Each structure stands twice: as C-alpha cells, then as structure tokens.
Amino acid sequence: MDTTFSDVVKKVMTHYPLKVKNIYLLSFKGKKAVWSIQTDMGEWIMKKVPFDETHIDFMLHAITYLKNNGVNTPGVLKTSSGEGYVKLNGEYFVVFETVYGRSPEYNNDGDLALMLKGMAAFHKASRGIESPNGFYPSYLLTKWKSDLQTRMERLKAWKEQRQQVKNKNEFDRVFLANVDTFLQQAQAALTTLNQPYFEQWVKETEKTKTLCHQDFAAGNLVVGKDGKLYVYDMDSLTVDLPVRDMRKILNKVMKKDANWNLPMMLKMMKFYQQVNPLTKEQYLILAADIQFPHLFYGQVSKYYENREDQWTVDKHIVRLKDMISTELSKNAVLKSFLARLDEVVKRGS
C-alpha cells in the first residue's frame with residue numbers, strides 16, 4: 001500500500017494501546033478511507049471520516065445509545081487517553097471492532113426477516129436519543145415537503161430545458177416521454193403529506209426522536225457467526241420518520257427485478273411490523289414516499305448534473321429505462337398493498 005498512507009495510519013495507531021503488525025487498505029474514496037489493522041490484540045477496522053468533532057461526538061454517542069438498547073453494532077476503540085477518535089493533520093480517524101460474518105441476501109427469507117426486524121429494532125432503540133452537544137449532524141425530519149418540492153421543481157426545469165434543445169439524444173427523448181407521468185406521481189405524494197396525520201407524526205418525532213440509518217441495506221449489514229444481524233457505517237444518521245429507511249430498502253429490493261412485487265412488499269412490511277408496529281396512517285405516509293419517483297429523479301439528476309461522469313450515455317439510458325420500469329410497476333402494487341393494510345397492521349397487535 002501507499003507508504004504515505006501507511007505512515008499516517010501508523011501515526012494514528014500510536015495513540016492506541018496496541019502493537020501494529022500489518023495494515024491493509026480496504027477502500028479509499030478521497031475524504032473517506034477504511035483500513036484493516038492487524039495487531040497484537042487481533043484485527044481492528046480504522047476509518048477516516050469526512051466530518052469534524054461535533055459530528056463524531058454525536059455518532060459515538062448514538063453508537064453507545066443504540067448498543068445499550070440492544071442493537072448489534074461494532075464498538076469503538078478508545079485511545080490511550082480515553083478519546084473516541086484521533087485528529088491528525090486536520091483529518092479524523094475512528095477505530096472500530098471487527099465483526100466477522102457474511103452479507104445478508106434479499107432473496108433469502110431468513111435474511112430478509114433479519115434485515116427488516118433489525119431495521120425495526122434499530123428505529124425502536126434510537127427513540128429518545130438526545131445530542132450530547134445539542135447538535136444533530138442531520139435533521140431531515142422537518143424538510144420532507146421542501147425537499148420533495150425542490151426535486152419536483154428540478155424535474156420541471158429539466159423538462160423545460162430539454163424541450164428547448166434542438167438535437168435531443170436518446171436520454172432526452174426517454175426522459176421527456178415519461179416525465180409528466182412522474183410529475184403527477186410527485187404531486188400526488190406531496191398532496192398526501194398535507195394530511196394532518198403527517199404533521200402529527202413529525203411533531204411526535206420532534207419530541208421522541210427516531211434515527212434513520214439512511215443506508216440500512218445488505219452492504220452495511222453482516223450476519224455474524226452467532227446468527228445475529230450487525231449494523232455498521234453510522235456516518236449518515238439523521239433524525240427522521242422510520243419511513244425513510246423503509247422506502248429505501250423497498251426501492252433497493254424492487255429495482256433488482258425492475259418490477260414491484262406485492263407478495264415481497266407484504267412480507268417485508270409484516271417482518272418490520274412485528275418489532276416496531278406502525279399505524280395505518282403511518283403506512284399511508286410510507287406509501288406517499290414510495291409514490292414519489294425517487295428512482296427516476298435519482299437517475300435523471302445523475303445524468304443532467306454529471307454526477308457519474310465515467311458512465312457512458314448508453315449506461316445512463318439503460319439505467320433510466322430500468323428505473324422507469326420499476327417506477328411504473330409500483331402504482332398497482334401500492335393500491336393492492338393499501339387495500340390489505342389491515343393484514344399488515346394486525347401483525348404488530
């Protein structure tokens with residue numbers, strides 16, 4: 001590995017009561033990096049995190065809070081002087097326990113149950129958390145309407161821009177052929193958020209607090225050798241309705257086949273409901289968030305904002321068509337899901 005990295009890691013590790021034997025770079029993404037550190041006390045994982053002390057303090061507090069409430073997540077190794085991180089040359093490093101196991105699979109019912117029950121347990125365990133310094137690195141709870149409104153306005157702006165372009169490419173044509181359908185879905189989602197039960201849930205959550213992980217997905221989960229689910233990567237915690245994590249994992253699972261699947265959705269929500277029961281009205285909020293065309297928006301913004309500049313136009317077009325197929329298949333499934341809500345809600349009673 002790069003000697004400069006090696007030197008940095010060695011310097012950081014001098015702050016810990018361990019003897020380093022080997023260092024392996026596992027991933028490097030500019031502001032973020034992850035290393036495996038082999039020591040006289042076993043293997044540890046070091047992360048370079050892209051944020052400052054106040055954010056780290058909240059993350060460390062949240063990890064302890066969640067662990068104390070039964071969530072399995074790697075603990076943080078303290079430095080010789082009792083700190084939870086090391087600052088070196090303006091960069092911040094945190095050392096975590098290593099968890100050995102395997103990645104869970106969405107198409108395995110046992111794993112799916114572990115993931116959805118684990119997510120529900122995570123949301124439940126986070127309730128009541130307060131920031132140790134009054135600072136929340138992310139507080140998306142109160143930004144729902146404004147964020148979705150902004151995304152809808154961006155879709156409208158891209159529509160107007162691309163309509164004016166003389167030499168439209170295939171991406172433009174596919175986008176313009178579908179954008180009105182998705183603008184209608186976006187508007188319908190926002191209309192549901194005007195219901196009083198949405199504001200009521202937000203107000204309740206402002207008092208009780210719930211954390212969303214924001215990427216509670218197979219890539220950040222491990223089924224340990226003890227058969228338990230372990231959650232890691234707590235970089236993006238936000239105070240929000242549990243719906244954010246629920247919608248994200250549903251979208252992740254459904255886009256694998258580019259098709260929404262009612263039996264799969266019912267199964268996933270019943271697993272969740274067993275551990276952290278939601279009301280019918282709260283599931284209507286989930287349905288509204290799913291109805292918003294997040295996948296379509298995400299793919300369009302990647303292309304028009306050049307966020308994946310290594311991708312070919314063809315790759316963007318294939319992805320866009322997949323996302324459109326997934327998005328178009330969800331309306332019928334959502335209707336059927338809402339018609340069977342009693343069946344889901346009963347699971348938590």
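Reply: Setting aside neighbours within four places in sequence, His-123 touches Thr-210, Leu-211, Cys-212, Pro-242, Asp-245, Tyr-272 and Asn-276. The model is a predicted one. His-123 sits in helix H3. Is His-123 buried or exposed? His-123 has a relative accessible area of 0%. The cut-off for buried is under 20%, so His-123 counts as buried.

Two of these contacts can be described further. Tyr-272 meets His-123 through a polar contact between side chains, at 2.7 Å. Asp-245 lies 122 residues from His-123 along the chain, yet their C-alpha atoms are separated by 9.2 Å.

H3 covers residues 109–126. What does it pack on? Start with the sheet. The sheet is open, with three strands in the order S6-S8-S9, and the pairing is antiparallel. Strand S6 (101–102) and strand S9 (229–231) are the edge strands, each pairing on one side only. H3 packs on this sheet and touches S6, S8 and S9. The direction of H3 makes about 50 degrees with that of S9.

Strand S8 takes in residues 221–224. Three bridges join S8 to S9, and the two run antiparallel. Within that pairing, Val-222 stands opposite Tyr-230 in S9. Strands of a sheet pair through backbone hydrogen bonds, parallel or antiparallel.

Gln-214 is in the loop between strand S7 (211–212) and S8. Its phi is positive, about 85 degrees, although Gln-214 is not a glycine. Gln-214 is buried, with a relative accessible area of 18%. Two of the contacts of His-123, Leu-211 and Cys-212, are the residues of S7.

Leu-66 lies in helix H2, residues 53–68. Its relative accessible area is 0%, so Leu-66 is buried. Leaving out neighbours within four places, Leu-66 is in contact with Val-71, Phe-122, Ala-125, Ser-126 and Met-234. Phe-122, Ala-125 and Ser-126 from that list fall within the 109–126 span of H3. Met-234 is another partner of Leu-66. Val-86 and Leu-66 are 20 residues apart in sequence and 22 Å apart in space, C-alpha to C-alpha.

Last, the whole chain around this part. The chain has 13 helices and ten strands. Its radius of gyration is 22 Å, close to the 20 Å that the globule rule gives for 349 residues, so the chain is as compact as a globular protein of that length. The C-alpha atoms fill a box of roughly 60 × 55 × 40 Å along the principal axes. Of the 349 residues, 49% count as buried. Among contacts with a separation of 6 or more, 73% come from residues 24 or more positions apart. The accessible surface comes to about 16600 Å², and 48% of it belongs to carbon and sulfur atoms.

Definitions and conventions:
Residues numbered from 1 in each chain as written. Predicted model: local features only at pLDDT ≥ 70, side-chain atom pairs only at ≥ 80, totals over all residues. Heavy atoms only, no water. Pairing = 2+ DSSP bridges. Helix = DSSP H or I, 4+ residues; strand = E, 2+ residues; numbered from the N terminus. Contact = heavy atoms within 4.5 Å. Axes fitted to C-alpha atoms, helices over the stretch in contact; angles between N-to-C directions. Rg over C-alpha atoms; globule rule 2.2 N^0.38 Å. Buried < 20%, exposed > 50% of the residue type's maximum accessible area, 1.4 Å probe, protein only. Areas by Shrake-Rupley, 256 points an atom, 1.4 Å probe, with all protein chains shown as cover. Polar contact = N/O pair within 3.5 Å; in protein donor to acceptor, adjacent residues only side chain to side chain.
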